[in-house]
Every structure is written in structure tokens, then in C-alpha cells.
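Trainee: I would like to learn how to read the features of a model like this one. Could you take me through them step by step?

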Amino acid sequence: MEYLSLVCVAILLLVYTWRVLNWAWFRPKKLEKYLRLSGLKGNPYKLLYGDLKELTNKLNEPKSKPINFSDDIAQRLIPFFCDAINKLGKNSFAWLGPNPIVFITEPAVIKEILAKHYMYHKHKHPNPFAKLLVQGLVSLEEHKWAKHRKIINPAFHFEKLKSCSEMLSQWEEIVPKETSLKLDVWPHFQLMTGEVISRTPFGSSYEEGKIVFELQKEQAEHVMEASFSIYIPGSRFLPSKRNKRMLEIEKEIQMTIRRTIDKRVRAMKAGETSTSKEDLLGILLESNLKEIEQHGSKDFGMTTSEVIEACKLFYFAGQETTSVLLVSMILYETLRLFPPLPTLGRRTKEEVKLGELNLPAGVLLVVPAVLVHCDKEIWGEDAKEFKPERFSEGVSKATNGQVSFIPFGRGPRICIGQNFAMLEAKMAIAMILQKFSFELSPSYTHAPFQVVTIHPQYGAPLLMHRL
């Protein structure tokens, strides 16, 4: 019996050793050979780290110094990717640890990737803790994604957006009538967006939902740290300080949102329908109930856990995308130069032929949106200049029909909250301009950086004047 146990342990060790070696060396080398045969250029694979050390160093360097308005924003946000493409060409790849990433910059190829969502799945970070930030619609695939989008979609047709009047009233109190006042508007816009996202989807005050925003913000920082470190399978079970904190955050977020949902479900069951159609959560729960009743089975609806993930998506995506927006022509040009996400990621589900490239299954495709948005071959010599008039005849005319403007993605999986975010931004701008004029403060420091989405590293101080 003891001999048999030793044999079993030895076999398990051999299997695990083989899996580790395959993950850390054999599979990456096999993929490297495949990619080079396909005509792609890239650095030789380095055990475990690949290009991760160089990528992290390149990413940390720009954070120590601001840039000028005329400088390349992409070089500050994704410096390693920029250098790799400049050095190796647009048909190139790099290594995110033992995983190869292929750069995609041609509009026709981007169109194919974003249109064929059944072939090119959303990228999922190998570290399981990355899933704690947000899952739901953004990470689901195929039939389950289609079901959830159908249920969630009515919630984003909500039109009665809460105004930013409270923020403006606060500004009127602190900005003198006769003189200007320097005001960092970035935290104010974050608070305003939090107010809208808390009240509109959940019918609650910002103070009640504030804990979720703060926790999601902290979680995003932990996820970004995890994104640029090697994840060793099984390390999530180690009681490290970051691991424990991420689990604590997730537990608190789950409990907070679950209380909100349970309270609403009890109200709906009690026949209190007066508020059920006045916010996004009510519309989501009603849509889910109709889907279940229509098919006569709960299997066709969303579980409570899935509704919670959808709510986390409301909180996170609503906060992160809309607070980055600061009529239509100005917003489009702002989104072109400062897209909410500097890159989009997809993963090949199976072996595919993409344009002229033959790619194996499981390869990460990275679309550097911030580079595509400023490509002079697409946008002209003035690509890096702020010129809202380029959108005077709409997006299609400005892009010559190419898929080169992707702040919210494109195709079937385009951001479901796009219209919601744009409407909120237009409304805020219109209301502000009725009461204030403003100009950039001399103390403004131009330093965009990424915390999942693009933020101003040192805020956005303006000189505010009351009208």
C-alpha cells in the first residue's frame, strides 16, 4: 500500500512537472516558431518573463515626468508596444510572460476581429483575481453572452438621466462672481458620474453607493499590478497581503450589491412597482423576469450572482468611461485622442487565418487603439492635433469608412453603455456652459496615465469664471 502511494505521488509530480515545463517553455517556444513562420517578427522568448521586465520598466519611466501637449500620448501610455512596433514593424509580436501577444493595427483586420466575436473571444487575464474587478457581459462568450445582452439591453435605453445640477450648485458656492478660481474638476466629475451611476441604475444616493465606487477603484489598482506580473498557477491560494485584500474587497462589494438587489426584489414581490421602471436595476430585473416567464424556466434568465456581476459592470464601466469624457464633434475628437482604454484585447479561439497571418489557437491579439487613433496614414498629417471639425460629417466620413475609431469597441460586442455615456457627457457640458466659462490653469500638468482606463495623473485644474 505504501509502495502504491509512493508511485501515485511520483506520477502526480511527473504530471505537474510536465505541465509546468510545457507552460513555461515548450508551449511558448512552439508558438514562437509558429508565429515566425507566419511572417511575424518579435524578440526571442525568455523563460517565464518574456518581455515583461522590459515592458514594466518602460511603463514606469514615463510616470516620473509629464509630457507636452504636442508629445505622443501613446508613448506615455504604452511605450513598450510603441517601441516594439517601431522597431519590428506592424506585423510583430511580444511576450507577456509565457504568452505571446500579436499587434493588430490594420483597420480591415481590426474590423474582422471585432465583427467575428465567435472566433475572437475577449481576453481573460490568467490571474483569477483579475476576474474580481468585473465580469458579467464583458467576459461572457457565445450563447451566454447573447442571453445576458438581451436581458441587460433594455436597461441602457433609459432616458431620464439625473442632471449635474448639484455639482454646478457647489461650484457656484465656491467660485466668486467677480474673479476666477482655480478648480481641479477631475474629482468633481468623478463624483458627478458616481452620483449618476448610483442614482440612475440603483435609485439610491451617491453616499449609499460610494463604498462600491471606492472599492472598485482600489480593486482596479490591484488588478493593474497583477496584469504586469507573472502569475504562477496556484499562487492565488497564497495568503499574501494583496490576495487577502482583493478577496476582502470582492466580499464587501458582493454583500453591498446583493443587499440592494434583495431589497428591490422584495419590493417588486410586494407589488411596489412605482420605482421599478425609474432606474436601470429595476429595468434589468423586470427584463430578466420577463425572459424567465416567456420561456417558463429560470435557465433562460440570469442568476442572482450574474445580476450582481451586471451591477458591478454598471458601477465600474459607468464610472470609468463616463468620467473620462469631458457637442458630438468635441466628444468624438476627445475620444479619438484619449480613448477610455488605450488597447483592446481578443484571443483566438482556434487556429485561424487573419488577413495574411496564420495564427494558432490561444494567441492574444492586441489592438493599440491609442496608436490607431493617431495613425497619420489613416487620419492625415494632423492626426495628433485636436481638430473636432474632422467629425463635422460624422464618424464614417472622418474615418473614410475604415474601422479606425474604436473608443467603445466595434461590431456586435460594442460597449452596451455607449449611448448612455455619450448622453451623460453632452448633458453635463451643456449645463456647465450655461453657467461657467473656463480655461486651462497654468498649473495644469499634462500627464495621462492608465488605471485600467486613462486618467489625468495630476488632475485637471481649470480657471473657472461664473457667467
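Trainee: What covers the buried residues of H13?

Mentor: Before I answer, please note that this is a predicted model, in which local features need pLDDT of at least 70 and side-chain atom pairs count only at pLDDT 80 or more, while totals for chains, interfaces and linings use all residues. Residues are numbered from 1 along each chain as its sequence is written, and side-chain values use heavy atoms, with hydrogens and water left out. Helices (H or I, at least four residues) and strands (E, at least two) are DSSP runs numbered from the N terminus, and contact means heavy atoms within 4.5 Å. A residue is buried under 20% relative accessible area, exposed over 50% and partly exposed in between, with a 1.4 Å probe and protein chains only. In this model the cover over the buried residues of H13 includes helix H3 (73-77), helix H14 (369-372), helix H15 (376-379) and H17. Those buried residues are Leu 331, Glu 333, Thr 334, Leu 335, Arg 336 and Leu 337.

Trainee: How many residues apart in helix H1 are Lys 29 and Glu 32?

Mentor: An α-helix has 3.6 residues a turn, so residues three or four places apart point the same way. Lys 29 and Glu 32 are three residues apart in helix H1, and are therefore separated by about one helical turn. Their side chains meet in a salt bridge (3.1 Å, N to O). Lys 29 counts as partly exposed at 30% relative accessibility, whereas Glu 32 is buried, with a relative accessible area of 5%.

Trainee: Turning to the rings, how many aromatic pairs does the rule count?

Mentor: Rings of Phe, Tyr and Trp (its six-membered ring) pair if their centres lie within 6.5 Å, and planes under 30 degrees apart count as stacked, over 60 as edge-to-face and the rest as tilted. By this rule the count comes to 13 aromatic pairs. Tyr 45 and Trp 95 form a tilted pair, with 4.9 Å centre to centre and 55° between the planes. Tyr 45 lies in the loop between strand E1 (41-42) and helix H2 (52-63) and Trp 95 in strand E2 (residues 92-96), so the pair ties together parts that are 50 residues apart in sequence. Both Tyr 45 and Trp 95 are buried, and Trp 25, Tyr 45, Phe 93 and Trp 95 form one aromatic cluster.

Trainee: Over the face of which residue does Arg 336 lie?

Mentor: A charge sits over a ring if NZ of Lys or CZ of Arg is within 6 Å of the ring centre and within 35 degrees of the ring normal. Arg 336 lies over the face of Trp 379, at 5.1 Å from the ring centre.

Conventions. Salt bridge = Lys/Arg side-chain N within 4 Å of Asp/Glu carboxyl O.
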